[in-house]
Amino acid sequence: MTKNIAVIKGDGIGPEIITEAMKVLDAVAKKYGHTFNYTQLLMGGCSIDANGEPLTKETIDACKASDAVLMGSIGGDTTTSPWYKLPPNLRPEAGLLGIRKALGLFANLRPCVLYPQLSGACPLKKEISDRGFDMLIMRELTGGLYFGEKKTETVDGMQVAVDTLVYSESEIRRIAIKAFDVAMKRRKKVTSVDKANVLESSRLWRKVITEVAKDYPEVTLEHMLVDNSAMQLVRDPAQFDVMVTENMFGDILSDEASMITGSIGMLASASMNETKFGLYEPSGGSAPDIAGQNKANPIATILSAAMMLRYSFDMIDEADAVEAAVSKALNDGYRTGDIMSEGMTKVSCSEMGDIIAKAV
Ligand code: IPM
Ligand code: MG
């Protein structure tokens, strides 16, 4: 098969980790007889430097014309980088939010798995980490507080800032369907996270999720308040299979879930629209403090590329092969600095890419 992949390396460690993911994709292409064509595009800080804006129409159009988008990371140090002296709508993050909206990527899938080889890196008590966990956060990505009307104004001489949390029935229904569909392919449990004891939008959320659940009699649905969910994640993460939640709750809980896997450098993510089209990126940020030092962990990006093979290209064997190659590298004791522990072999970002590509 021939697939056209839009590649956004981005800022910070982005170029390094994407280079390794492309190495692994090339190994897949060679082994399975595919052709992957890459189109390099700018977004985020590098686009601000080149074009004066974080996201150009050219980048959006090129992404739309591709079969999938592979992205590294965007943004810089928010206290020192000149990008953060710009108005909010011209900063790197505005590019990321803009592309999510422009491509209609309303469903963000963030799998969080504690690899048995890395259970030592999990900050939870051993009796909890020994049980392991394998969950997927389905985060709504184009609604809620992120995209509601916002303003800052002066009322009676006092500055007042407003963000609006809006969800329509159809926005909730389409993410619910994605969550139940994924649960059917997993352990058939959905935990819907909301704040229905306080928020109107959460009460609608709960109602629509409950309606959608009727079409999936095999799936067990539970509702959980977001504050309790934050607690349950560190008390007993193994209880979760698929967690579905609105944009802001998902942003916060997915960082918490990633922390208990040992390193954010291990977590892949996929952002999808109604079709098989998606944007694939690691959950971690641009880590400007280690950029350009060949130290970053490329595994999250490589696993994101595996998600692209699986969800956008229907290349199941190929995706399995990449995931198995990652497991093999870990089993063989190779570690980047962030997941290093005693007795293991410390490798650089590019060495890790070589090892995984070879194992494919
Ligand atoms: C994420 C990030 C983004 C978000 C930022 C960079 C805008 O934290 O992908 O989780 O809040 O969605
Ligand atoms: Mg986040």
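Student: What makes E169 and R173 a salt bridge?

Tutor: The model is predicted. In it, the side chains of E169 and R173 meet at 3.7 Å, N to O. The cut-off is 4 Å between a Lys or Arg side-chain nitrogen and an Asp or Glu carboxyl oxygen. The value of 3.7 Å falls within 4 Å, so the pair counts as a salt bridge.

Student: How are E169 and R173 placed in helix α6?

Tutor: They are four residues apart in helix α6, residues 169–184, so about one helical turn separates them.

Student: Why is E169 called partly exposed?

Tutor: Its relative accessible area is 39%. Buried means under 20% and exposed means over 50%, so a value in between is partly exposed. R173, with 29%, is also partly exposed.

Student: What makes E218 and K188 a salt bridge?

Tutor: Their side chains meet at 3.8 Å, N to O. The limit is 4 Å, so this pair qualifies. The pair links distant parts of the chain, 30 residues apart. E218 sits in the loop between α7 (200–213) and β9 (220–225). K188 sits in the loop between α6 and β8 (189–194).

Student: Why is E218 called exposed, and what is K188 called?

Tutor: E218 has 52% relative accessibility. K188 has 27%, so it counts as partly exposed.

Student: Which residues do salt bridges with shared partners join into one network?

Tutor: D134, R186, R187 and D241.

Student: How many salt bridges does the structure hold?

Tutor: The structure holds 24. One of them pairs K23 with D354.

Student: How do you know that K23 and D354 form a salt bridge?

Tutor: Their closest N and O atoms are 2.7 Å apart. That is within 4 Å, so the bridge counts. K23 lies in helix α1 (residues 14–32) and D354 in helix α12 (residues 349–359), so the pair ties together parts 331 residues apart in sequence.

Student: Are K23 and D354 buried or exposed, or what lies in between?

Tutor: K23 has a relative accessible area of 28% and is partly exposed. D354 has 41% and is partly exposed.

Student: Why is Q40 called partly exposed?

Tutor: Q40 has 46% relative accessibility. Q40 is found in strand β2, residues 35–41.

Student: Which residues is Q40 in contact with, leaving aside neighbours within four places in sequence?

Tutor: V7, K9 and M22.

Note on methods. Residues numbered from 1 in each chain as written. Chains lettered and ligands numbered in written order. Predicted model: local features only at pLDDT ≥ 70, side-chain atom pairs only at ≥ 80, totals over all residues. Heavy atoms only, no water. Helix = DSSP H or I, 4+ residues; strand = E, 2+ residues; numbered from the N terminus. Buried < 20%, exposed > 50% of the residue type's maximum accessible area, 1.4 Å probe, protein only. Contact = heavy atoms within 4.5 Å.
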